Amino acid sequence: MAKNSKQKIVLDYLLTYIDQNKFTSNTKLPSEIFLTKRLSVCRETVRRAIKALEDKGLVYAIHGGGTYFDKQMALSLSSIDSSADYRIAIIIQGKDRGANSTLISSVKDYFKDEKVDIRIFYTDNKLSNERRCLLSCRQGFDGIIIDGVKASMANPNLDIYTSIYQKNVPFIFYNNYYSETSYPKILNDDEAAAEDLISALCMKGHQNIAGLFLYDNYQGVKKYLGYAKSIFKHGCTFDDDYVRFFLTRDLEGEERLEKLIWSFLKSVPKCTAVCCCNVMLYEALKETLGKHNLEIGKDISVVCFDYSFEDYDKEGITCTISQSHEMGRVVAERLMSMIKDPDYKKKEYSAMIPCRFHEGSSIADIR
């Protein structure tokens, strides 16, 4: 990725952050250290992005006190496209940058022939942020696309969803939704994906298959259930000790995450393969194994759900490929149909997206 592309990622993140906070009492920007870790960029890239905002008079630094944005300036900058026929919000977690970027591009591509003003809101998988985003979207938007926050847990924001629904603002979930609700949702077929991954391991003799999963993420729970079902189906070893659950926030601390993974692997010495819930856990596992001179596909086999980068073939990972592009197209298509349909509440707009399997070289044949 080019340097200017990385700087744009930081700029977009900060502009979205300012847009979300301009109606609150918070005017302090996230720290440089947070931004470098959160966006996987160097400190110089962050500083160039902040300098670009300073040049526009939008932010200012206080020596020893951090960087702040000018609220009056932020409020005076109207980013509303008055020529747009529709205004659509996309509320995303923001953890998987590759998948998010692809989905957003796909949504924008679908609407390229429509006059649509699209706004992006990041929750960072925090319920308090989700509430603030929903309150910002409750008025002035024709439709909302949402990736649920900590969707496997009780959600205190369902009252806002009810309010938006009653105002007849169509919204549709993707990947993560709240199981106690019946709102439209577009999901990946995680059960079929699990069967493809576990079957590929079993075909090469693996019986002791460990799993790394997220449990505050509904999609992660569905992947785990698919993993367990496939383990039973193929007569593999099922043991609670072979599964390590993580919180989404665990993905933010690289060193701590690697220590947790290594501690887990040492606790399951008979394990010959690992199934990763997503690309972030896969990357952490890969880094951990490398530091202990263990090679994927030789010393230990690895498979991964939802690999969201385009280098899966070069990487050699056996995986299901992220369907973010198709997901973006489907959610955009379904949402626009809902917006144009006065009776959308009486119809079914949910859908399941088939998985796409890729066989790499990350599985050793131990038969």
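Among contacts in the protein (heavy atoms within 4.5 Å) between residues at least 6 apart in sequence, 73% join residues at least 24 apart. This is a predicted model, in which local features need pLDDT of at least 70, side-chain atom pairs count only at pLDDT 80 or more, and totals for chains, interfaces and linings use all residues. Residues are numbered from 1 along each chain as its sequence is written, and side-chain values use heavy atoms, with hydrogens and water left out.

**Overall architecture**

- The protein has 13 helices and 14 strands, taken as DSSP runs of H or I with at least four residues and of E with at least two, numbered from the N terminus.
- Its radius of gyration is 22 Å, close to the 21 Å that the globule rule gives for 367 residues, so the protein is as compact as a globular protein of that length; the radius is taken over C-alpha atoms, and the rule is 2.2 Å times the number of residues to the power 0.38.
- Of the 367 residues, 53% are buried, meaning under 20% relative accessible area with a 1.4 Å probe, protein chains only.

**Second largest cavity**

- The structure contains 2 cavities of 30 Å³ or more, a cavity being a set of points on a 1 Å grid where a 1.4 Å probe fits but cannot get out.
- The second largest cavity holds about 60 Å³ of space, and its lining residues (an atom within 4 Å of a point) include Asn188, Phe305, Thr320 and Arg356.
- At least two lining residues come from each of α8 (190-202), β11 (301-307) and β12 (318-321).

Technical notes. On a 1 Å grid over the protein atoms alone, a cavity is a set of points where a 1.4 Å probe fits but cannot get out, and a pocket is an open set with protein on both sides within 12 Å along at least five of seven lines; lining residues have an atom within 4 Å of a point. Grid points are joined across faces, edges and corners, and a volume is the space filled by probe spheres set on the points. Buried means under 20% relative accessible area, exposed over 50%, partly exposed in between (1.4 Å probe, protein chains only).
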